Amino acid sequence: MKKYDVVALGELLIDFTENGISGQGNPVYEANPGGAPCNVLAMLTKLGKKTAFIGKVGQDIFGNRLKNTLGEVGIDTSNLVMAEDVRTTLAFVETFPDGDRDFSFYRNPGADMMLKKDEIKMELVKDTALFHFGTLSMTHEEVRNATKKAVAAAREAGAVISFDPNLREPLWRSLEEAKEQVAYGLSQCDILKISDNEIQWFTGEEDYDAGICRLRKQYDIPLIMLSMGKDGSRAYYKDLRVEVKPFLQEKTIETTGAGDTFGACCLNYVLKYGLHNMDEGKLKEMLTFANAAASIITTRKGALRVMPEEDEVREFIEKF
């Protein structure tokens, strides 16, 4: 038995999201706590899992608020490093009419990219059933080395490794470098959550199935979840390909955190049944729940603090 169900490493930041217009006609931005790994942990915590986060924020107004927020939602912050010499990373989110969004990052440098190898508490990494990471912690050498040290230690300790590329093009020196680091993640993971545009970008295949086939041949990943936005989601496992339709709502306002919510729900099912004990019925149940939770989060601003409860998701599925 492990102390933690899931430990995640990566970015914790402030998402400034549009929230109306001021009396002077200027856009008003709301400071929402964000960062994909912590969004994942927040949803898993709502589902009853014990979670911990490894990362770095600044010893500033935003960093202190973020630490308090993680504590409020129940995520262990014992390995959240508070940096005196660098500020908390900020992201400004532009939301389009269809709910999609674009990001402008203030991160040169930002605290999240300054995490050092010797700042990782290895006891957390070695005492988790599942270790989750993405690529924003691999954009720069120092945090990249820290990430790879943690991944190696988690794998050696027998943890299931989960990876979400979560590509943010502006944060990379080049897309060639991004592909190199995504390839590392693919080579290490047992579970991959990847989006439709990411599979096309990485493989060069327009057809999703063809792209997934290329990944499986090269990396032999046991479970791959493909999120397709308004087209739903798919799971690829052994010789199975399961697809579930989305829960589309007129109340959708933005998609920030939807992919993280989806991925977290899938990880919850893996923890429930075991990576090697999935079947078609369990995969369909997993994708249905994950799609529903993701749909709910698109009706709320911010993600980390407003994740749905399990009962709310099940009631939503029944009513939809």
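1. A word on classes before anything else: Ala, Val, Leu, Ile, Met, Phe, Trp, Tyr, Cys and Pro count as nonpolar, Asp, Glu, Lys and Arg as charged, and the others, Gly among them, as polar. Bear in mind that this is a predicted model, where local features need pLDDT of at least 70 and side-chain atom pairs count only at pLDDT 80 or more, while totals for chains, interfaces and linings use all residues. Residues are numbered from 1 along each chain as its sequence is written, and side-chain values use heavy atoms, with hydrogens and water left out.

2. A cavity here is a set of points, on a 1 Å grid over the protein atoms alone, where a 1.4 Å probe fits but cannot get out, and its lining residues have an atom within 4 Å of a point. Grid points are joined across faces, edges and corners, and a volume is the space filled by probe spheres set on the points. Two cavities of 30 Å³ or more turn up by this rule.

3. The largest cavity holds about 60 Å³. Of its 14 lining residues, His132, Ser162, Lys193, Gly263 and Leu267 lie nearest the centre. β9 (160-164), β10 (191-195) and α8 (258-273) each give two or more residues to this lining; helices (H or I, at least four residues) and strands (E, at least two) are DSSP runs, numbered from the N terminus. The largest share, five residues, is from α8. By class, the lining has seven nonpolar, four polar and three charged residues.

4. The second largest cavity has about 50 Å³. Around it sit Glu11, Ala36, Pro37, His132, Gly134, Thr135, Leu136, Asp164 and Asn166. Here α1 (36-46) and β8 (128-134) are the elements giving two or more residues. The classes come out as three nonpolar, four polar and two charged.

5. Asn166 deserves a look at its backbone too: its phi is near 45°, a positive value in a residue other than glycine. You'll find Asn166 in the loop between β9 and α5 (175-188). Another backbone item is the cis peptide bond from Asn108 to Pro109, with omega near 0°. Pro109 belongs to the loop between β7 (101-106) and α3 (122-126). For context, most residues other than glycine have a negative phi, and most peptide bonds are trans.

Technical notes
On a 1 Å grid over the protein atoms alone, a cavity is a set of points where a 1.4 Å probe fits but cannot get out, and a pocket is an open set with protein on both sides within 12 Å along at least five of seven lines; lining residues have an atom within 4 Å of a point.
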